[in-house]
Amino acid sequence: MLARLALKLLLTLGHSAVDLVKSNIEITPFVIGFLRSFQHELRVSATHADQIKIFVDLLRQMCCVFRLQPASKPAYQSITIFQKESAAPRRPPVEAQCLNTLVVACMELNLTEETNNLVETIGREARLIDVRDYATMLLPFLQNLKSTAEDRSLSHTDGMFRNLYGSVMSAYLCRYVGKKPGRVTSLSRPPVHCSCMDCSRLNTFLRHSTHQVERIAVAKARRHHLHKMIDSSRSDCFHETDRSTNPNTMVITKRFTAEMKAANEWEKRAKEARDWIAKLGRAELDQLLLDDPETCAIFQVIPWSGKNAMKQALPRPAQGVSGAGAAEAIPRGVKRKLEIIDLTGDS
Ligand SMILES: [Zn+2]
């Protein structure tokens, strides 16, 4: 809207409007909007030397202070913060189509140096944008640009576009998709803060790196105390009562709530990435990212065949259970209230 207003001023007042844009040159979305309208409305072409001069001048100045990060706070700089705050999707600072139109305009005007500069600048900015803006701004931009390149019989991952695709995909995979959660290697949990005999036994179990299930046969009042201590701790344990014994037995099982959540969320992001990679050309990107070990490590584990990352994050059977295993440790007659952790067949 503001960009169109500036354009109208340019048409009616002449160069004073250019000064207005220059005085707001650090507001990249505004300047991009202006340049796009300028190019569209005035039909910038080789016969309009003065207009091209203005266009190039503004473009160069904009690239010096180019910024696609949102003006409003907070900007989600990492997927961890984004997940913690459950931020909703939002409109990106610049529409993908605007970026594409601007690059195409530069190419059509044979502004080789300016096109290179603009493309490089966008690639650099990819490492700083809000992580929500990859899917709504830079990835659709790359998709549009791929079509543009194909229309001109160019490879979208060669020449001046090579660094752009490499930079955006590297930033997207490292900052948004992130490393695949590692397998749980220890079942050790924080102890409860009580030194009574029952809690000492409980803590021995909680601290143990491989025991997943513990059975404590004590009377109701002592079970209630253990119940309260477990629920007020960060041990992520599920407990239930086996009423087939006298006294009844409290059966405590270590869960993997955080690990399963992280694995599920990573899997969801990896599937989104898989769809984008397919649209942008998997084979080309594979070659492009070979020289970047961190990005390559993420790229290579994207689940193309729908492997279950959650199962993979859980411990291997040999490490995860005490005695005969979790399934056998919960006796018959005990009602299973929560999920049963599958520790078998995870390969
Ligand atoms: Zn206690």
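Is Asp-236 buried, exposed or partly exposed, and how many other C-beta atoms lie within 10 Å? Asp-236 is partly exposed, because 16 other C-beta atoms lie within 10 Å of its own; a residue counts as buried with 20 or more such atoms, as exposed with 12 or fewer, and as partly exposed in between, the C-beta atoms being placed from the backbone. The structure is a predicted model, in which local features require pLDDT of at least 70 and side-chain atom pairs count only at pLDDT 80 or more, whereas totals for chains, interfaces and linings use all residues. Residues are numbered from 1 along each chain as its sequence is written.

Asp-236 is placed in the loop between H11 and E2, and its phi is near 50°, a positive value in a residue other than glycine. Helices (H or I, at least four residues) and strands (E, at least two) are DSSP runs numbered from the N terminus.

Three strands form an open sheet in the order E1-E3-E2, with antiparallel pairing. E1 and E2 are the edge strands, each pairing on one side only. On average, neighbouring strands of the sheet are turned by 20° against each other, direction ignored; axes are lines fitted to C-alpha atoms, for helices over the stretch in contact, and angles run from 0 to 180 degrees between N-to-C directions. Two strands are taken as paired if DSSP finds at least two bridges between them. Strand E1 (residues 213-217) is antiparallel to E3 and is joined to E3 by five bridges, with Thr-253 of E3 as the bridge partner of Val-213.

E2 and E3 are connected by a hairpin of six residues. Pro-247 lies in this loop, and the peptide bond leading from Asn-246 to Pro-247 is cis, with omega near 0°. Strand E3 (residues 249-254) is largely enclosed by the rest of the structure, because six of its six residues are buried. Thr-249, Val-251 and Thr-253 point one way from E3, while Met-250, Ile-252 and Lys-254 point the other way. Helix H11 (residues 220-231) lies across E1, E2 and E3 and runs at about 165° to E2.

A helix pair was also examined. Two packed helices are described by the angle between their axes and the distance between the axes. Helix H6 (residues 96-108) packs against helix H8 (residues 133-151) at an angle of about 40°, with the axes 8 Å apart. H6 and H8 are therefore oblique to each other, given that angles under 35 degrees count as roughly parallel, over 145 as roughly antiparallel, 65 to 115 as roughly perpendicular and the rest as oblique. The crossing of H6 past H8 is right-handed, the near helix being turned clockwise from the far one by less than a right angle. Contacts (C-beta atoms, placed from the backbone, within 7 Å) involve residues of H6 including Leu-99 and Val-103, and residues of H8 including Phe-141 and Leu-145.

Asn-110 lies in the loop between H6 and helix H7 (112-125). Although not a glycine, Asn-110 has a positive phi of about 60°. Asn-110 counts as exposed, because it has 9 C-beta neighbours inside 10 Å.

Conventions. Two residues are in contact if their C-beta atoms, placed from the backbone, lie within 7 Å.
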